[in-house]
Amino acid sequence: MRGLGTLMLAGCLFGGMLAVSCVLGGCRERAAARTPVTVLAAASLSGVLEALRPSFERANPDLSLRFSFAGSNQLRVQLEHGGPGDLFLSADARQIDAAAAGGHLDLSTRRTFAYNRLAVLTPPGNRAGVGSLSDLARPGLRLLVADSAVPLGAATESLLARAGGRPELGPAFVSGVRANVASREENAGVLVAKLSLGEADAGIGYSSDASSGGSAGVGAVEIAPELGEETEYVGAVTARARHPEGARRCLDYLATAEGAELLARFGFTPHRRGVP
Amino acid sequence: MRRSTAPFLLALPLLLVLAVPLLVLMARASPGSVAAELASPETRSAIRVSLLTSSGSLVAIVGLGTPLAYWLSRARARTALLVGTVVDLPIVLPPSVAGVALLLTLGRAGPVGGWLDAAGVRIAFTPAAVMLAQIFVAAPYYIRAARAGFESVSEELRECATIDGASAWSYGRHVLAPAAAPALAAGAAMSWSRAIGEFGATILFAGNLPGVTQTMPLAIYLGFETGPDRAIVLSTILILLALGILLAIRLLARRPADTAVSRPAMLRAESYTA
């Protein structure tokens, strides 16, 4: 009967999909000899944390790290609604403070572990010839910035606020820049992607994004230190962590020599020891 | 031929708008990089999670949505209007809103979530959460199509079947199901497409754990952190996967040449959903 035949074919289709899935991933779960520590981390940390995992797991044979990468604001919302996670690594102190205010973090473990600097990013070839921060106010320039809801965007706003108070830049610079903003991106990754595809003349992003291998040709122009905004990467163990000890060790690892070296390699500034 | 040129020319612009960006995207991914990415464990994991969760979601959507759609097709006009509108809502909501709604309900502090949590049932950060997110955003597409399919089967047919001695089950299996099958299949295809492409609600409600809740769209999002090329390759893989499965579903649902149902009814059903 036609109906039955169709049903059987549909069943075969599903069976096929399941079989392919099993082949791809293995149906059996690997025996968890190690304690899994779930780390909620900002997406901009995905490169450095994936690189850090092997050496951390070698140094801590009883632990394994599971990362869930998303926007820092999304991670905070997850925590607020009882989302699981042992450690929260945020690109923004604001999200940490908000989560802590709701009682979702163990504040005694709060620690800054890295900094990232803002830089003027240029597309491959830099046809617009952007060479300094003041160039961003040039009329007609297409500029990409991050939305102020995300850490990068908030840092960009305070950079502009600071620039407005400087004699050599001033309010004219700020209004010129704002007029040039072509788009506000939801995350740093998309901003860099658009820039590397030549969609704009310049962008304000993390200096670390210029040195990552995938964004070929994206250059960075340094912003003067007194103007330069440093975004603070803050971490804390969650209040409902199932494995708080493992989470603590992971956070501490970021402050070790190996951790600092990896952070530096990915363009971050490791937290200076001895400074709270 | 003259008669078919005009419609084709009118159809061309939108066809190009839909097809050209996809072709350009796929053209940028070299076969070598696609093969390399397919060999990576992270990508395979993401494909596996996507296939498993979307299949599971589809089973739930079809299994639970068919009775709902059937009930809607036979309910009183006002009830059907109200319930039908509520069922349509998730289509209008931005996915992140859907994610927040799910978190509020099923998160630990939520009305349902708190109860589940007390019973020791963990949903967040599991494939179940991924499926719930997919079901929430994708079910309305199936229910709409199935309802239209059921509505297109005339009432007289049911009466005839009953008079001839058919039980409700018999009627359902031998008359209703074959008649509505193309509409159900088309609805299932649309629903599955929406489910496998789901991102906003998934990342918020289910988290982004590789091998557990990281679906292809979430992997593509992370791919941007590495660079646009990785995202492009992963996108190409997802497009090819979806193409294959959608074609398969459409082939399965080809209209049967011989059924007891009138051709106008079949055409009506197809026109609602195809």
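Which residues of strand β3 (residues 87-90) of chain A point one way and which the other way, and are they buried or exposed?

**View 1. Strand β3(A) and its two faces in the predicted model.** Leu87(A) and Leu89(A) point to one side of the strand, whereas Phe88(A) and Ser90(A) point the other way, and all are buried, where buried stands for under 20% relative accessible area, exposed for over 50% and partly exposed for values in between, computed with a 1.4 Å probe on protein chains only. In a regular strand the side chains alternate between the two faces of the sheet. This is a predicted model, in which local features need pLDDT of at least 70 and side-chain atom pairs count only at pLDDT 80 or more, while totals for chains, interfaces and linings use all residues. Residues are numbered from 1 along each chain as its sequence is written, chains are lettered from A and ligands numbered from 1 in the order in which they are written, and side-chain values use heavy atoms, with hydrogens and water left out.

**View 2. The strands beside β3(A).** Strand β1 (residues 35-42) of chain A runs parallel to β3(A) and is joined to it by three bridges, with Leu40(A) standing opposite Phe88(A). Strand β9 (residues 230-237) of chain A is antiparallel to β3(A), with four bridges between them, and here Leu89(A) stands opposite Gly235(A). Strands, like helices, are DSSP runs numbered from the N terminus (E, at least two residues, for strands; H or I, at least four, for helices), and two strands pair if DSSP finds at least two bridges between them.

**View 3. Strand β4 (residues 111-122) of chain A and its antiparallel partners.** Eleven of the twelve residues of β4(A) are buried, so that the strand is mostly covered. Six bridges link β4(A) to β9(A) in the antiparallel sense, and Arg117(A) faces Glu230(A) as its opposite residue in β9(A). Strand β7 (residues 202-206) of chain A is also antiparallel to β4(A), over four bridges, with Tyr206(A) as the bridge partner of Leu118(A). Four bridges likewise join β4(A) to the antiparallel strand β8 (residues 219-222) of chain A, where Ala220(A) is the bridge partner of Leu121(A).

**View 4. Leu45(A) and the largest nonpolar core.** A nonpolar core is a set of buried Ala, Val, Leu, Ile, Met, Phe, Trp, Tyr and Cys residues joined through side-chain atoms within 4.5 Å. The largest one has 83 residues, of which Val39(A), Leu45(A), Leu49(A), Leu89(A) and Leu136(A) touch the most other members. Neighbours within four places in sequence aside, Leu45(A) is in contact with Phe69(A), Leu89(A), Phe113(A), Tyr233(A) and Phe268(A), contact being heavy atoms within 4.5 Å.

**View 5. Helix α7 (residues 188-196) of chain A and its ends.** The helix is mostly covered, with seven of its nine residues buried, among them Leu191(A), Val192(A) and Leu195(A). Asn187(A) caps the N-terminal end of α7(A), a side-chain oxygen lying 3.0 Å from the backbone nitrogen of Gly189(A). Just after the helix, Gly198(A) takes a positive phi of about 80 degrees.

**View 6. Ser64(A) in strand β2 (residues 63-70) of chain A.** Ser64(A) has a relative accessible area of 16% and is therefore buried. Not counting residues up to four places away in sequence, Ser64(A) touches Arg34(A), Thr35(A), Pro36(A), Val37(A) and Glu57(A).

Conventions: Polar contact = N/O pair within 3.5 Å; in protein donor to acceptor, adjacent residues only side chain to side chain.
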